[in-house]
Every structure is written in structure tokens, then in C-alpha cells.
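Here is a quick tour of a structure for someone meeting it for the first time. Take a look at it before reading on.

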Amino acid sequence: MELHISISGRVQGVGYRQWFRDRALTAGVSGWVRNCADGTVEAVLSGPAERVERLVFEARQGPHDADVEDVRRLEAAPPRLDGGGLTFFIAATAIGGN
């Protein structure tokens with residue numbers, strides 16, 4: 001299963017991406033996570049459906065200092081980013097459309 005999500009709320013400047021990467025690696029899910037210019041965090045997850053869905057559930061909680069308002073499933077095809085061989089990585093901040 002591959003899923004593209006957007007997380008909104010107080011999710012930047014609180015360690016959300018690092019927390020999310022750690023959770024993804026623990027779950028055995030591949031993909032990436034990054035900040036977006038609009039203040040959201042975006043992620044692409046790939047793996048067995050039950051593991052991806054569990055990570056989406058955890059994304060709604062976030063790390064201690066985060067305040068997640070919403071986790072949206074995005075219909076648009078996610079950008080393909082090169083993680084240099086890493087299973088799950090923190091990508092550069094998205095500026096503008098990508």
C-alpha cells in the first residue's frame with residue numbers, strides 16, 4: 001500500500017518529522033516526511049496496509065509537543081524523492097508546489 005498524507009496543526013518546530021521517521025522505521029514502513037511552506041507536514045508511506053494504517057493512526061497523536069488538528073489522505077500522486085538508499089528519510093522542506 002502507498003499513501004500520501006498531510007498533517008496539519010502545530011507540527012513544525014516540535015520534532016514531528018524526527019518522531020515520525022522513528023515511528024516509520026520501527027513499523028517497517030518506507031517513504032519520506034517533510035515540512036511544507038504552509039506549515040503542514042507531508043509524508044509518503046509504503047508498506048503492508050496494516051502497518052501503514054497504524055502509522056496514520058499514530059500520526060494523529062504526534063510527539064509530546066505537537067498539536068495535530070488533522071491527517072488528510074491526498075489524492076494527488078506524491079512527488080518522487082530520492083532518499084539516497086534510505087528506507088525512510090526526512091526530505092528537504094517543500095517550497096511552493098513541491
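What follows covers the model, its aromatic rings and its strand pairing.

## About the model

This is a predicted model, where local features need pLDDT of at least 70 and side-chain atom pairs count only at pLDDT 80 or more, while totals for chains, interfaces and linings use all residues. Residues are numbered from 1 along each chain as its sequence is written, and side-chain values use heavy atoms, with hydrogens and water left out.

## Rings that pair up

Let's start with the rings: the structure has four aromatic pairs (rings of Phe, Tyr and Trp, the last by its six-membered ring, with centres within 6.5 Å; planes under 30 degrees apart are stacked, over 60 edge-to-face, the rest tilted). One of them is Tyr16 with Trp19, a tilted pair at 5.4 Å centre to centre and 50° between the planes. Both sit in helix 1 (residues 16–27), three residues apart, or about one turn of the helix. Helices here are DSSP runs of H or I with at least four residues, strands are runs of E with at least two, and both are numbered from the N terminus.

Trp19 also pairs with Phe20, again tilted, at 6.4 Å centre to centre and 50° between the planes. Ring pairs join Tyr16, Trp19, Phe20 and Phe88 into a cluster.

## Strand 1 and its partners

Now for the strands, which pair if DSSP finds at least two bridges between them. Strand 1 (residues 2–10) pairs with strand 3 (residues 41–46) in the antiparallel sense, over six bridges. Here Ile7 stands opposite Val41.

Strand 1 is also joined to strand 4 (residues 67–73) by six bridges, and these two run antiparallel. Arg10 has Asp67 in strand 4 as its bridge partner.
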